[in-house]
Amino acid sequence: MAFPLQGEETCQHLLPSPLPNPYWVGFESNLAKELGITLDASGLPQDPRWLEVLSGNALETQEHTFVDPIATVYSGHQFGMWAGQLGDGRAILLGDLRGYEIQLKGSGITRYSRMGDGRAVLRSSIREFLCSEAMHALGVPTTRALAITGSKKPVIRESLETAAVCTRLAPSFLRVGHFEHFATARSTVHLTTMADYLLAHHYPVCQSADDPYLALFVAISARTAKLVAQWQAIGFCHGVLNSDNISVLGLTIDYGPFGFLDRFQMDHICNHSDNQGRYAYQRQPQIMHWNIACLAGAMLPLIEQRYDGENAQTHLQEALEKFPEIYRTAWLAQFRAKLGLKIENAGDMSLIESLLKLMHGNRVDFTNTFRALSHFDASHNAKSNPLRDQFLNRDAFDSWMQSYLDRLKEEKSSHAERQSHMLATNPKFVLRNYLAQTAIEKAQNDDFSEVKRLLEILQDPYSEQPGMDQYAVPPPAALEQIEVSCSS
Ligand code: AMP
Ligand code: MG
């Protein structure tokens, strides 16, 4: 079931703009197999028409024909301000395949392009492709990426770059911004159609609730709270948490100036264009709550179908107020797991918070600190732990370590059991900006080998992968501050 809305005011039926002389830059074979695409020995589609279809040059292959591509309209709040109508300005939904909507990002101008050129550059397409698949492998709900095709077609950003198309997949690309759009347009019919579609296809358990629409809101809110807890736990900063970039399926969507934390800083800002730090790491939970409040406002007309105005608001308000608690519970569960703690103890919150404070103060690497803790054998002398050397303030580290060791004594599991859980929770490999940058620079010189290699490494982030240690090290000083902006 594709985009549920119909009519001129909801979407534009159009063909993607052709991408001249395309070639494969990246391809995810496992996902392709899931879609029923037959592959050759090199893991690329056997039918060369897939290259044309996923570049926006055709709709038909031997295996599948797309019939009615569309671009959809949505609105949104950008950096806290109402931005009015936005929409798929450079993404075209080809159609559905095996439970996924297939979208081409960077496939040309649509009715919603405003001043944009409808294109995406190779650089940002590689970042989106790799991060989508990295997040999926980390177990974080996300849109997926099937392929990148590139072209020599020039595209102007801060400098001259070249065009690429990234094929994105999701069970649905509906966003908070879609609800905001039709709420602002006072189109309760379209709000109802979207909500009914979500209930039927993505939130079936809510259908039997007293008020299915209120239950739907509660469920979207809960998924979003849990999603942001996962981001915090792997040190992922999204960068542009505008309400038009928030999925109503609780998926990470719209990879732009995102970043994984290297040196831990609570107030890390990954988006160079975010001058106020609105989307800094530690603000993400609060901002997602804010976005869900936008959704509540947009869903009000649906709740009012059952309750009168004031009551409807009260119900939504009560549901919205549950977000922080759901987030806190999910966050605590995530970080308990990161420390190998299975039993719940009232002091865990402060143990975790004091570790994060210590990591912040000593600016240690986020990913590697948790990975090193996972390798640490509590029966050995804590002072011989190589992690200790990473902390400038050794006394503070020793004191935290002592409270951690005391806490571990309450756990029933053996060291080996705990270690294997922690190693499956704390990744060794994440898409650090400088790694993505290396792959991008090679690709800009027509060498796509690093895109392929990074994809393979990131698809197995919890394994040791002997020989790949250089992909698990923090950035060299010169590459610590790569500037990533909204330009894409
Ligand atoms: P983003 O900041 O990437 O989430 O984009 C915000 C809005 O701008 C969305 O409606 C996009 O479709 C649109 N947009 C971004 N870049 C372009 C572009 N190069 N051409 C057309 N529309 C764009
Ligand atoms: Mg967007």
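User: What makes K338 count as a charge over the ring of F370?

Analyst: In this predicted model, the charged end of K338 lies 4.5 Å from the centre of the F370 ring, and sits over that ring. The distance cut-off is 6 Å, with the atom also within 35 degrees of the ring normal.

User: Where does R278 lie relative to W290?

Analyst: Over its face. R278 is 4.7 Å from the ring centre of W290.

User: Why is F370 called buried?

Analyst: Its relative accessible area is 1%. Buried means under 20%, so F370 qualifies.

User: How do you know whether F335 is buried or exposed?

Analyst: Use the same cut-off of under 20%. F335 has 1% relative accessibility, so F335 is buried.

User: How many aromatic pairs does the structure hold?

Analyst: There are 15.

User: Why is the pair of F236 and F260 called edge-to-face?

Analyst: The ring centres are 5.4 Å apart, within the 6.5 Å limit, so the rings pair. The planes stand at 65°, over 60, so the pair is edge-to-face. F236 sits in strand β11 and F260 in strand β12, so the pair ties together parts 24 residues apart in sequence. Both F236 and F260 are buried.

User: What makes F335 and F370 an edge-to-face pair?

Analyst: Their centres are 6.0 Å apart and their planes 65° apart.

User: Which helices hold F335 and F370?

Analyst: F335 is in helix α9 (residues 323-338) and F370 in helix α11 (residues 366-375). The pair therefore ties together parts 35 residues apart in sequence.

User: Which residues do ring pairs link into a cluster with F335 and F370?

Analyst: F264, Y281, W331 and F366.

Note on methods
Residues are numbered from 1 along each chain as its sequence is written. Chains are lettered from A and ligands numbered from 1 in the order in which they are written. This is a predicted model: local features need pLDDT of at least 70, side-chain atom pairs count only at pLDDT 80 or more; totals for chains, interfaces and linings use all residues. Side-chain values use heavy atoms; hydrogens and water are left out. Rings of Phe, Tyr and Trp (its six-membered ring) pair if their centres lie within 6.5 Å; planes under 30 degrees apart count as stacked, over 60 as edge-to-face and the rest as tilted. Helices (H or I, at least four residues) and strands (E, at least two) are DSSP runs, numbered from the N terminus. Buried means under 20% relative accessible area, exposed over 50%, partly exposed in between (1.4 Å probe, protein chains only).
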